[in-house]
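My entries follow the order in which I checked things.

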Amino acid sequence: MFKALLLTKTDTPQPQAAITELDEARLPEGDVLVRVSHSTLNYKDALAITGKAPVVRTWPMVPGIDFAGSVLESSDLRYKKGDAVLLNGWGVGETHWGGLAQKARVRADWLVPLPTGMTAEQAMAIGTAGYTAMLCVMRLQEQGVTPEGGPVLVTGANGGVGSIAIAILARLGFTVHASTGRLNEAEHLKALGASELVDRATLNAPGKPLQKERWAAAVDSVGSHTLANVCASVRYGGVVAACGLAQGMDFPATVAPFILRGVTLAGVDSVMAPYARRVEAWRRLAAELPAALLAGNTTTIGLAEATEVAPRLLAGQVRGRVVVDVNR
Ligand code: NDP
């Protein structure tokens, strides 16, 4: 038996969420059984738990789009009992039971070995949000963005993706500007590596198709008018890595920045990213993110607290990352 947060469909969009003792036999099919030690609460998990968006595709569901732990059983030659592993995405927590549980059974193809020197808790302090931040930074670098090119803007700065993107970029020597609705968190954002704060209210309303050229590049986890204004404010030849929709899924923009300034809009998806890219992102996260910064950016909760924290996360009231200790 093991404990899990189990979501059950109801007559309303909000599922019933309860900590439930489950028999291992109820776990879905897969070639690797993992003893989960830590999971996290991401934006998507909060959507699943609250029912604010139809993230869950099959019921009942154990949410949790990522987890870290050790292998208990494996019928795949790549993994053996005791191996430290982590998982992000692949529909886990959406169509396949996920990480907010003490055990998970998944396909070996979905797992990534825990990078050397990183603990399961540290991996989850990064989680899908931090791994996505690294994918965004990789996209910018692949497009030729360098620290010498000028400042890089990060939107949704106090969120999971934003906070880790700031830390990675600053560590790489970039000048980082942080767009936030929580200017009172200036000290925290500067400790992560932001040199200048931008009030998100200056970016989240309808704006002109082309605006003053301010940033060489951007990491955007917000979407909607913010993304449109960011594209309109990136310098000639600049690059915007777009990964999120915290403000909205819409993109009310014009083509002007793309055809008149040669701006590149680079989409970033973490869920289906190929194995080699994941391993490279995690290798870099282990090498480039100082553990002390991660600790200061993380709140740890127990499994039972996830339902209470989820609506606060969607309301933008949570700072940085939330790790779930599934045994607490
Ligand atoms: P968080 O909730 O941790 O952070 C989102 C941040 O966005 C908030 O902290 C807030 O930052 C800002 N924000 C919230 N609401 C608004 C608004 N209405 N207008 C402008 N800014 C707002 O979420 P994550 O960082 O984990 O995820 C961010 C987004 O990225 C989500 O949409 C998520 O679904 C997406 N995502 C996509 C992935 C992919 O594979 N493409 C993977 C991971 C996440 P502040 O208070 O500083 O303004």
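**Ground rules.** I am working from a predicted model, where local features need pLDDT of at least 70, side-chain atom pairs count only at pLDDT 80 or more, and totals for chains, interfaces and linings use all residues. Residues are numbered from 1 along each chain as its sequence is written, and side-chain values use heavy atoms, with hydrogens and water left out. Helices (H or I, at least four residues) and strands (E, at least two) are DSSP runs, numbered from the N terminus.

**Entry 1: strand β15.** I began with β15, residues 321-325. Is it buried or exposed? Five of its five residues are buried, so the strand is largely enclosed by the rest of the structure. I took buried as under 20% relative accessible area, exposed as over 50% and partly exposed as in between (1.4 Å probe, protein chains only). R321, V323 and D325 point one way, while V322 and V324 point the other way.

Next I looked up its partners. Two strands pair if DSSP finds at least two bridges between them. Strand β3 (residues 32-41) runs antiparallel to β15, joined by four bridges. There, H38 has D325 as its bridge partner. Strand β14 (residues 298-302) pairs with β15 in the parallel sense over five bridges. T298 is bridged to R321. From β14 the chain passes through helix α9 (residues 306-314) to β15, a right-handed β-α-β crossover. Right-handed means that, with the strands pointing away from the viewer, the path from the first strand over the helix to the second runs clockwise.

**Entry 2: the six-stranded sheet.** In what order do the six strands of the open sheet lie? I read β10-β9-β8-β11-β12-β13, with parallel pairing. β10 (194-199) and β13 (264-267) are the edge strands, each pairing on one side only. Neighbouring strands are turned by 20 degrees against each other on average, direction ignored. V240 has L265 as its bridge partner in β13.

Two helices lie across β8, β11, β12 and β13. Helix α2 runs at about 150 degrees to β11. Helix α5 (residues 224-233) runs at about 150 degrees to β12. Axes are lines fitted to C-alpha atoms, for helices over the stretch in contact, and angles run from 0 to 180 degrees between N-to-C directions.

**Entry 3: α2 against α7.** Helix α2 (residues 120-142) packs on helix α7 (residues 275-288) at about 105 degrees, with axes 9 Å apart. That makes the two roughly perpendicular (65 to 115 degrees). Contact means heavy atoms within 4.5 Å. Residues that meet include G127, Y131 and M138 from α2, and A281, W282 and L285 from α7. By class, I have ten nonpolar, three polar and seven charged residues.

**Entry 4: two loop residues.** G99 sits in the loop between β5 (84-88) and β6 (103-106). At 0% relative accessibility, it counts as buried. Beyond residues up to four places away in sequence, G99 touches V36, S39, P63, G64, D66, F67 and V326. G99 and G267 are 168 residues apart in sequence and 26 Å apart in space, C-alpha to C-alpha.

N42 is in the loop between β3 and α1 (43-50). It is buried too, at 5% relative accessibility. Under that sequence cut-off, N42 touches I65, D66, T128, A129, L313 and R321.

Methods:
Angles under 35 degrees count as roughly parallel, over 145 as roughly antiparallel, 65 to 115 as roughly perpendicular and the rest as oblique. Ala, Val, Leu, Ile, Met, Phe, Trp, Tyr, Cys and Pro count as nonpolar, Asp, Glu, Lys and Arg as charged, and the others, Gly among them, as polar.
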